[in-house]
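Hello,

Here is the structure I promised to pass on. Have a look at it, and then read on for what I found.

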Amino acid sequence: MARRIDVTGAGGVRLAAWEFGDPPKGDPAKAVTEPVIPSQTAGDCDRERPGGHEDVNRPGVLLLHGLMGRASHWASTARWLSERHRAVALDQRGHGQSEKPPEAAFTREAYVEDAEAALEQLGLAPALLIGHAMGALTAWQLAAKRPDLVSGLIVCDMRASALGAASQREWGDWFKSWPVPFATLADVRKWFGEDDPWVERPNPSRGEFYAEVMQESPDGWRPVFEPEQMLKSRETWVYDAHWEELAQVRCPVLVVRGLDGELGRAEAQEMVRVLPRGEYAEVSDAGHLVHYDQPEGWRTAIEPFLDAVLTPGAP
C-alpha cells in the first residue's frame, strides 16, 4: 500500500511523494483512489496534501531514486523500512508522476531544493536520506546544505568524481538507440535486459527496472520521462567533481556499491576517507542497480547502519 502526498517543489513544480506501509486513518472525503501503473506500487492509494499525518514516534526516511527512476523502484526497501520507520519515496521532477514542465529548471539546485521541500512539508526531518545514483548526489548535497534536516545518509553507487563530456555524449547516443515505441512490456524487458549494447550479460532485473518507467501510448510503450530532460539533468553534474560537498557532510554516511556497479572500490573507499563519519559496504553479485539486483543483500548491507542511526538513543 502506498499513499500519495503532493509536495510543492522549487519553482512551484508539483512533486508526487509516496508513503509506504499501512496508511494512517484520515478523512475518507479527502482520499482519492489512484492506480500507479506500471509500478510495483500498483493498486489503490490515498492521495492527500502534506501536513496532517506525521508520525513523530517513527524516524523519517526519504528515498531518492536515480536518473530515469521513480519512487516505486524503492517499493521493496520502503515497505521493509515502514515496519519501524516512516518511509517516503519521492518522484523527483521530470520523473514518475511528478510534473515535467518543459520550462522547469533541471539544475542541481532545483533537485536539492525539491528534496528540502519534501522533508519540510512532510514533517520528516531530521531524516535519514537514502539515495541511488543521482538521488545519492542530491542527498549529500542537501546534507551539506541543511545538516539540521538530515540525521544520516546512505549513498548507493554514486561517484564523486567528474564523469566528463565523453560520458554525456555516450548517453545522448544511447537514448537515440532505444527502439521506441516498444510494442509490449515484454519487448521492453528483453531490450534493456538482453539486447541493449550496454548490457554485458543478460540481466532480468535491469529489464524489470526499465519496464517500471514505461507507459502505454497509442503507438506502443514509451518512457514516462522526456529523454531531453534527463540529459539536461545529467549535464548539471557530470562535468564537475563533488568531493568538496561530500567532505562537508557531518552526519553518519554509509557508502554502498555493487561489486559490478559504476562506483569502483578504490573510489568508494576514498569517499569514506573524505567523509568525517563515513562507513563502507558492498553487495556481491550486484551491478549499478544494487537495491534492485540483490534486494536481500542490499538490506543485509544497510541494516546495521540503519539500526545505529535510527534507533532512539543511539550515538
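A salt bridge here is a side-chain nitrogen of Lys or Arg within 4 Å of a carboxyl oxygen of Asp or Glu. Please keep in mind that this is a predicted model.

With that rule, the side chains of Glu282 and Arg257 form a salt bridge, at 3.3 Å from N to O. The pair links distant parts of the chain, with Glu282 in strand S11 and Arg257 in strand S10, 25 residues apart. Glu282 is partly exposed, at 32% relative accessible area, while Arg257 is buried at 5%. Shared partners also join Glu116, Glu120, Lys145, Arg146 and Asp148 into one network of salt bridges.

The count comes to 18 salt bridges. Among them is Arg3 with Glu19, where the closest N and O atoms are 2.3 Å apart. Here Arg3 sits in strand S1 and Glu19 in strand S2, 16 residues apart. Arg3 is buried, with a relative accessible area of 2%, and Glu19 is buried too, at 6%. Another pair is Asp195 with Lys190, at 2.9 Å. Asp195 is partly exposed at 39%, and Lys190 is partly exposed at 39%.

Now for the helices. H4 (residues 165-177) and H7 (residues 227-234) pack at an angle of about 170°, their axes 11 Å apart. They are therefore roughly antiparallel to each other. On the H4 side, the contact is made by Ser167, Gln168, Trp171, Gly172 and Phe175, and on the H7 side by Pro227, Met230, Leu231 and Arg234. By class, that contact has five nonpolar, three polar and one charged residues.

Best wishes

Note on methods:
Residues are numbered from 1 along each chain as its sequence is written. This is a predicted model: local features need pLDDT of at least 70, side-chain atom pairs count only at pLDDT 80 or more; totals for chains, interfaces and linings use all residues. Side-chain values use heavy atoms; hydrogens and water are left out. Axes are lines fitted to C-alpha atoms, for helices over the stretch in contact, and angles run from 0 to 180 degrees between N-to-C directions. Helices (H or I, at least four residues) and strands (E, at least two) are DSSP runs, numbered from the N terminus. Angles under 35 degrees count as roughly parallel, over 145 as roughly antiparallel, 65 to 115 as roughly perpendicular and the rest as oblique. Contact means heavy atoms within 4.5 Å. Ala, Val, Leu, Ile, Met, Phe, Trp, Tyr, Cys and Pro count as nonpolar, Asp, Glu, Lys and Arg as charged, and the others, Gly among them, as polar. Buried means under 20% relative accessible area, exposed over 50%, partly exposed in between (1.4 Å probe, protein chains only).
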